[in-house]
Amino acid sequence: MAQLEQLSARMPSVTVDELLKGFYPSPRFGSVSFGSYRPDPEQPSQTIAVRAMERFAESINTPEPKGLRKLFAAKKPAVRSGFYLDGGFGVGKTHLLASLWHASEGPKAFGTFVEYTNLVGALSFRKTVEALSSYKLVCIDEFELDDPGDTVLMSRLMRELADAGVKLAATSNTLPGSLGEGRFAAVDFQREIQVLADQFEVVRIDGEDYRHRGLPTPPRPLSNSDLNAVLKAEFADKTVALDDFNTLVNHLSAVHPSRYRQLLDGIDAVVWRNVETITEQSVALRFVVLADRLYDRDVPILASGVPLDALFTKEMMAGGYLKKYYRAVSRLTALVREGQKQEAS
């Protein structure tokens, strides 16, 4: 018998120390490596990216010579302080970024763009710089360019960390439909990141979203009666969060997004009754953060109501935050496929 809970009844409390301790790859990427990345043989840029990241990891782990060793040692190859993986959804950028984190020695941090902006909000900008300046590597997943204020904030943070000698690695969230043009190319990088541009090596990764390669169309939503039957059959002896969709959406406004990771503590699966299209931008953006945290933890989803590819309005999917919405739909679809058909996402 499944143990039922409600996310809408949870109000997690998180300290600053807990926020800092949480900057490591999610369980989904907890044991990945460069060797476990499977490049698409038809996309040579993927293999090139793996080799480049391996060299970057080696440069991080190779200490600078000191004293006489510095005087007589062979000159260390010049390596830029930053590394940027540019590509569409589902081509393995996060896998490679997490592999870099695992392969690198010394104090290091791994988090999403949003998690770092939340950290600055919790600690203040200066204390965040002080906390991260002692690290050898800071990894920033899903660098976002749709919020000018946050972009300037993160650009300044990355510049100060680079000046302190911290190696930086980041990924972009370019749309799959933008591969080849209109994407986050070097000219955009120089415009948005300014001083940092010359410090970063930008590597493109082409390819199709791996979550869509050869997989069937996402399953249709279940009826409410089937929802209960599948829950009992598939998640016996599991802890399942069962929520009315509107109740959950309203509750998210009372929980800071930095706490969504803790909101899901101990949850093995989620079930949403009567999913509806979200029509308010602020509500949709909060839900994107929840989708990311669910995907991080590989939490399967059962849902009734509208299909999750109709979770956001057509206007949202074509607007200024479309990058976030496409990523959320891609990830939620994978989790629904896993939950309703028990397929790996």
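1. Strand β3 (residues 108–112) is mostly covered, with five of its five residues buried (buried means under 20% relative accessible area with a 1.4 Å probe, protein chains only). Strands here are DSSP runs of type E of at least two residues, and helices are H or I runs of at least four, both numbered from the N terminus. K108, F110 and T112 are buried on one side of β3, and A109 and G111 are buried on the other, so that both faces are covered.

2. This is a predicted model, in which local features need pLDDT of at least 70 and side-chain atom pairs count only at pLDDT 80 or more, while totals for chains, interfaces and linings use all residues. Residues are numbered from 1 along each chain as its sequence is written, and side-chain values use heavy atoms, without hydrogens and water.

3. Five bridges link β3 to strand β4 (residues 137–143) in the parallel sense; pairing requires at least two DSSP bridges between two strands. A109 has V138 of β4 as its bridge partner.

4. A separate description concerns an open sheet of four strands, ordered β1-β7-β8-β9 with parallel pairing. Its edge strands, β1 (3–5) and β9 (301–305), each pair on one side only. On average, neighbouring strands of this sheet are turned by 20 degrees against each other, direction ignored.

5. β1 and strand β7 (residues 239–244) run parallel and are joined by three bridges. Opposite Q3 stands T239 in β7.

6. Helix α10 (residues 245–252) lies across β7 and β8 (269–275), at about 95 degrees to β7. Axes are lines fitted to C-alpha atoms, for helices over the stretch in contact, and angles run from 0 to 180 degrees between N-to-C directions; contact means heavy atoms within 4.5 Å.

Conventions: Buried means under 20% relative accessible area, exposed over 50%, partly exposed in between (1.4 Å probe, protein chains only).
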